[in-house]
Amino acid sequence: MEENKLNLNNIYESIWDELLSGAFNRKHPFHLCFFSSLSADSLAPETRIVILREAIKKNLHLRSNCDLRSSKTKEIEKNPETMLMFYDSEKKVQIRIRALSKIVRDKKIVEPIWNNSQEISRQCYYTPFSPSSVLKEPFSNSLLNLKGKELGLSVFGLIVSTVVQIDYLKLKHDGHVRCEFRCDKKRLVKSNWIAP
Ligand SMILES: Cc1cc2nc3c(=O)[nH]c(=O)nc-3n(C[C@H](O)[C@H](O)[C@H](O)COP(=O)(O)O)c2cc1C
């Protein structure tokens, strides 16, 4: 990610370029997203990795897939306030994104994405056990219902996060670069340099 003479607009554009690459390229560091929500009962933070599947700059959307039975689904449906974090260790760039997230269950939207996903990814959704449920034995793929296409699709959902604020930090030996971007109504409304 190049700052191009430390121009805020260039940094903002480059963030979206990198998020787009992260969504398409499995090897890109932004393919993995550290996703935080607030636990449904105690409002304590919960963080887990999800795969970034789509980044759409024009409506400030970031999308991941999820199991509709998972804790994060309940958490997001109770409270849409979420944080998404990405880190590129080579470029030493951290991106923290505050977003309002929602769970998409509508099969008209979900099914084409399910149909386009790889079988290896779909298999995660063939389990009859809800994520976090207690098992009598360690989980193994032999417990999967491999004829579970219907089960898989029925529990497959999307997390769509609308970006509200981006905090960008790049570590540099001659001075760390940090700035923030605020978005509203699907567009960038304010950019600032901030102290690292
Ligand atoms: C590399 C990696 C990628 C993952 N990708 C996803 C994902 O895209 N969607 C998802 O729901 N869980 C994904 N997980 C599993 C979550 O981190 C988490 O363990 C699981 O979803 C249960 O989280 P929850 O109980 O907080 O809902 C991934 C885990 C790892 C280690």
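A nonpolar core is here a set of buried Ala, Val, Leu, Ile, Met, Phe, Trp, Tyr and Cys residues joined through C-beta atoms within 7 Å. Burial is itself a count: a residue is buried if 20 or more other C-beta atoms lie within 10 Å of its own, exposed if 12 or fewer, and partly exposed in between, with C-beta atoms placed from the backbone. The structure is a predicted model, in which local features need pLDDT of at least 70 and side-chain atom pairs count only at pLDDT 80 or more, while totals for chains, interfaces and linings use all residues. Residues are numbered from 1 along each chain as its sequence is written.

**The nonpolar cores**

The largest nonpolar core has 22 residues, of which Leu19, Leu52, Leu62, Ile95 and Ile166 touch the most other members. At least two residues of this core come from each of helix H1 (8–24) and the strands E1 (32–38), E5 (81–88), E6 (93–104), E7 (156–170) and E8 (177–184); helices (H or I, at least four residues) and strands (E, at least two) are DSSP runs, numbered from the N terminus. Apart from this core lies another, of five residues, among them Cys66, Ile76, Ile159 and Val160. In soluble globular proteins, nonpolar side chains tend to be buried together.

Contacts, for which the C-beta atoms of two residues, placed from the backbone, must lie within 7 Å, show how Ile166 is placed. Leaving out residues up to four places away in sequence, Ile166 touches Ile15, Ile95, Ile97, Glu180 and Phe181. Tyr168 lies in strand E7 and counts as buried, because 23 C-beta neighbours lie inside 10 Å. With the same exclusion of residues up to four places away in sequence, Tyr168 touches Ile11, Ile15, Ile95, Arg178 and Cys179.

**Helix H1**

H1 has 17 residues and reaches 25 Å from its first C-alpha to its last, close to the 24 Å expected at 1.5 Å a residue, where the expected span is 1.5 Å times one less than the number of residues. The buried residues of H1 are Ile11, Ile15, Glu18, Leu19, Gly22 and Ala23. They lie on the same side of H1 because they cover an arc of only 140° around the axis, the arc being that of the directions from the helix axis to the C-beta atoms. These buried residues pack against strand E3 (54–56) and against E4, E5, E6, E7 and E8.

In H2, the buried residues are Lys72, Thr73, Glu75 and Ile76. Their arc around the axis is only 165°, so they too are on the same side of H2. What covers them includes E1, E2, E4, E5, E6 and E7. Glu75 counts as buried because it has 23 C-beta neighbours inside 10 Å, and, leaving aside its neighbours within four places in sequence, Glu75 is in contact with Ser37, Leu38, Ser39, Ala40 and Glu46.

Around the ligand there are 15 residues, of which Arg48, Ile51, Ser70, Ser71 and Lys72 come nearest; a residue is near a molecule or strand if its C-beta atom, placed from the backbone, lies within 6 Å of it. Two or more residues of this shell are given by each of strand E2 (45–51), strand E4 (61–67) and helix H2 (71–78), and E2 gives the most, with five residues. By class, the shell has six nonpolar, five polar and four charged residues; Ala, Val, Leu, Ile, Met, Phe, Trp, Tyr, Cys and Pro count as nonpolar, Asp, Glu, Lys and Arg as charged, and the others, Gly among them, as polar.

**Backbone and separations**

Most residues other than glycine have a negative phi, and most peptide bonds are trans. Leu60, however, has a positive phi near 55° and lies in the loop between E3 and E4, where Leu60 is buried, with 22 other C-beta atoms within 10 Å. Phi of Lys92 is likewise positive, near 55°; Lys92 is found in the loop between E5 and E6 and counts as partly exposed, because 15 C-beta neighbours lie inside 10 Å. Glu111 lies in helix H3 (residues 107–116) and is exposed, with 12 other C-beta atoms within 10 Å.

| Pair | Separation in sequence | C-alpha to C-alpha distance |
|---|---|---|
| Glu75 and Ser37 | 38 residues | 6.5 Å |
| Tyr168 and Trp193 | 25 residues | 9.5 Å |
| Glu111 and Ala23 | 88 residues | 19 Å |
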